[in-house]
Amino acid sequence: MRAQLIAPLCALLFACSSTSTATAPVSLFNGHDLGGWHADVPDADKNPKLEPSFAARDGHLVSLGKPEGHLISDAAFHDYRLVAEYRWIGEPGNCGILVHASTPRRLYGMFPQSIECQMHAGNAGDFWCIGEDISVPDMEARRGPKESWGVDGDKARRIKNLTDDSEKPAGQWNQMVIECRAREIDVWVNGDHVNHGVDCSADHGQIAIQAEGAPCEFRKLELTPLAK
């Protein structure tokens with residue numbers, strides 16, 4: 001984690017999330033640039049002139065899909081509600097929002113240690129365990145046989161969401177709400193409660209947005225600290 005890079009606004013948000021009275025929402029995207037975030041794109045290690053994977057464009061934060069990597073918040077957060085409004089640019093594909101992110105490139109030399117709240121078209125609201133774990137009701141039905149569970153490599157890291165048809169048609173705006181409180185995570189997609197996990201192995205961390213193949217733009221990334 002890069003505490004030395006924490007932007008003053010994000011640092012204030014983290015401090016506010018520790019109080020019992022701070023509940024005012026704050027945008028994590030300023031509409032103009034990627035201030036408060038840093039990109040981690042492994043392919044850029046060998047090619048610093050590589051085209052960026054993320055951009056601020058026309059008032060939106062855009063994940064361009066490739067080169068694959070993550071846009072990671074400089075600050076860490078706990079006990080919050082994150083409202084993200086997103087749509088696919090062209091053919092719907094894969095993207096995601098990672099919460100409780102910590103160790104960079106924990107999985108496959110790419111994905112930071114975290115719990116992913118999946119945005120992959122048709123599967124929005126799935127959990128993916130990336131070096132962290134979480135439990136849900138009907139675990140074997142939604143994750144597979146217990147002996148295959150795990151948080152690394154080819155283990156059963158996916159936990160399926162609870163609904164079908166919660167997403168809107170291609171090109172329309174979707175809303176994903178992620179609520180992290182202590183060691184619980186809830187996810188809603190367009191008002192449908194699509195996942196609820198407990199006993200998460202982490203209760204705080206950075207927030208990350210994926211570039212994983214398909215261009216996706218965000219018009220809102222609004223975080224509200226939860227009162228205790």
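Reader: Where is Tyr108 found?
Author: Tyr108 sits in the loop between β7 (96–101) and β8 (114–118). Strands here are DSSP runs of E, at least two residues, numbered from the N terminus. This is a predicted model: local features need pLDDT of at least 70, side-chain atom pairs count only at pLDDT 80 or more, and totals for chains, interfaces and linings use all residues. Residues are numbered from 1 along each chain as its sequence is written, and side-chain values use heavy atoms, without hydrogens and water.

Reader: Is Tyr108 buried or exposed?
Author: Exposed, at 55% relative accessibility. The cut-offs: buried is under 20% relative accessible area, exposed over 50%, partly exposed in between (1.4 Å probe, protein chains only).

Reader: What about the phi of Tyr108?
Author: Positive, about 55 degrees, although Tyr108 is not a glycine. Most residues other than glycine have a negative phi.

Reader: And which phi does Asn190 have?
Author: Asn190 also has a positive phi, about 50 degrees. Its loop runs between β12 (184–189) and β13 (192–197). Asn190 is partly exposed, at 23%.

Reader: New topic. What joins Lys66 and Pro67?
Author: A cis peptide bond, with omega about -10 degrees. Most peptide bonds are trans. Pro67 lies in the loop between β4 (60–63) and β5.

Reader: Where is Ser73, then?
Author: In strand β5, residues 69–73. Ser73 is buried, with a relative accessible area of 1%.

Reader: What does Ser73 touch?
Author: Gly36, Trp37, His38, Gln206 and Ile207, not counting residues up to four places away in sequence. Contact means heavy atoms within 4.5 Å.

Reader: What is the mean pLDDT of the chain?
Author: It is 92, and 90% of residues reach 70 or more. Over residues 1–21, though, the pLDDT is below 50. pLDDT is the predictor's confidence in each residue, from 0 to 100.

Conventions. Helices (H or I, at least four residues) and strands (E, at least two) are DSSP runs, numbered from the N terminus.
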